[in-house]
Amino acid sequence: MTKAKGRIAGYLFVLPALLYMIFFVGYPIIDNIRLSLFDVNVMNLTKGHQSFVGLDNYIELFKEGTLQKVLMNTLIFTISCLVLQFIIGLAFAMLFNLQFRSAQRLRGLVMISWLLPATITAMMFKFMFSSGGIINDFLMKLHLISSPIDWLVSSGTAMFTIILANTWIGIPFNMMLLTAGLTTIPKDIYESAAIDGATAVKRFFKITLPLLKPAIMSLLVLGFIYTFKVFDLVLIITNGGPVNATQMMSTYAYKLSFDQFQYSQGAAISNVMFVLLLIIGVIYLRLLKKEEQL
């Protein structure tokens, strides 16, 4: 095969993936950007005449203050979940890496939360944290509280509930990636460090964490992107309430588009999310490239 034919064959292999990306990724993104620059609502959606408003949708959302609030909610939710998932996931990974009896069975049990559909998990947590749910019943039997707590009515406890639910879902993902990272660390290094008198804490900070850095970096970036765009969990448990206290960018975009029929403003929120996640993705790729060059 000549060099030209080889190049053409390469293009033909890439063509299906390119067409898929254009139609199912590129076109929706471009159309969403176009939608955010027009005034499209339920009154003029089918009339064909929609006025161009430029960046007015973005400016209006910013002036209302709700955009800043849902952005802050999303960041608090994302960072809290990432920290909790990582700490607990790392603890489980190191525990099951000890290869004690029943380690595989226990690891399988931890995976259950990741295998359940998010809607099932959301309904389960909504029931558990309702006024008459098992959490209030358990706390009252322990005499820790005297009356039921309205977990999903107060802003602080509602945010706590959805963070807890999402953390429970994300722990297995963190555990599996960190377990895979731990298996790549040679046992000889730990044995040599132990002979030299390094304590378990010192081996953790000087050997385990530095050698897990690539896995941790991938985990945190992927976890940030996955958690930042949370939708179904919040929609089912709190629906963004009370008074937007748990409103995330994804649920707010849905609310604007399909509850209030302000399609352009919903598209504007989606575009802000897209830009933020794109920046995170670019930073990740740059860090990955820098890591490969070392």
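**A walk through the cores and helices**

Let's start inside this predicted model: the largest nonpolar core has 19 residues, and Phe77, Met159, Ile162, Val230, Leu233, Ile237 and Met248 touch the most other members. (A nonpolar core is a set of buried Ala, Val, Leu, Ile, Met, Phe, Trp, Tyr and Cys residues joined through side-chain atoms within 4.5 Å; buried means under 20% relative accessible area, with a 1.4 Å probe and protein chains only.) Two or more residues each come from helix 3 (66-96), helix 6 (118-128), helix 8 (155-183) and helix 12 (232-237). Helix 8 gives the most, with 5 residues. Helices here are DSSP runs of H or I, at least four residues long, numbered from the N terminus.

Take Ile162 as your guide: leaving out residues up to four places away in sequence, Ile162 touches Phe77, Leu233, Val234, Ile237, Thr238, Thr246 and Met248, where contact means heavy atoms within 4.5 Å. A second, separate core of 17 residues includes Ala103, Met111, Ala193 and Ile207.

Now look at Thr208 in helix 10 (residues 200-211). Thr208 is buried, with a relative accessible area of 2%. Beyond four places in sequence, Thr208 touches Leu182, Ile185, Tyr190 and Arg203.

An unreviewed UniProt entry places "transmembrane region" features at several spans, including 12-30 and 149-169; such annotations may be inferred rather than shown by experiment. Residues 12-30 are 100% helix and 0% strand, with end C-alpha atoms 25 Å apart. For residues 149-169, the figures are 71% helix, 0% strand and 24 Å.

Residues are numbered from 1 along each chain as its sequence is written. Local features need pLDDT of at least 70, side-chain atom pairs count only at pLDDT 80 or more, and totals for chains, interfaces and linings use all residues, while side-chain values use heavy atoms, leaving out hydrogens and water.

Terms used. Buried < 20%, exposed > 50% of the residue type's maximum accessible area, 1.4 Å probe, protein only.
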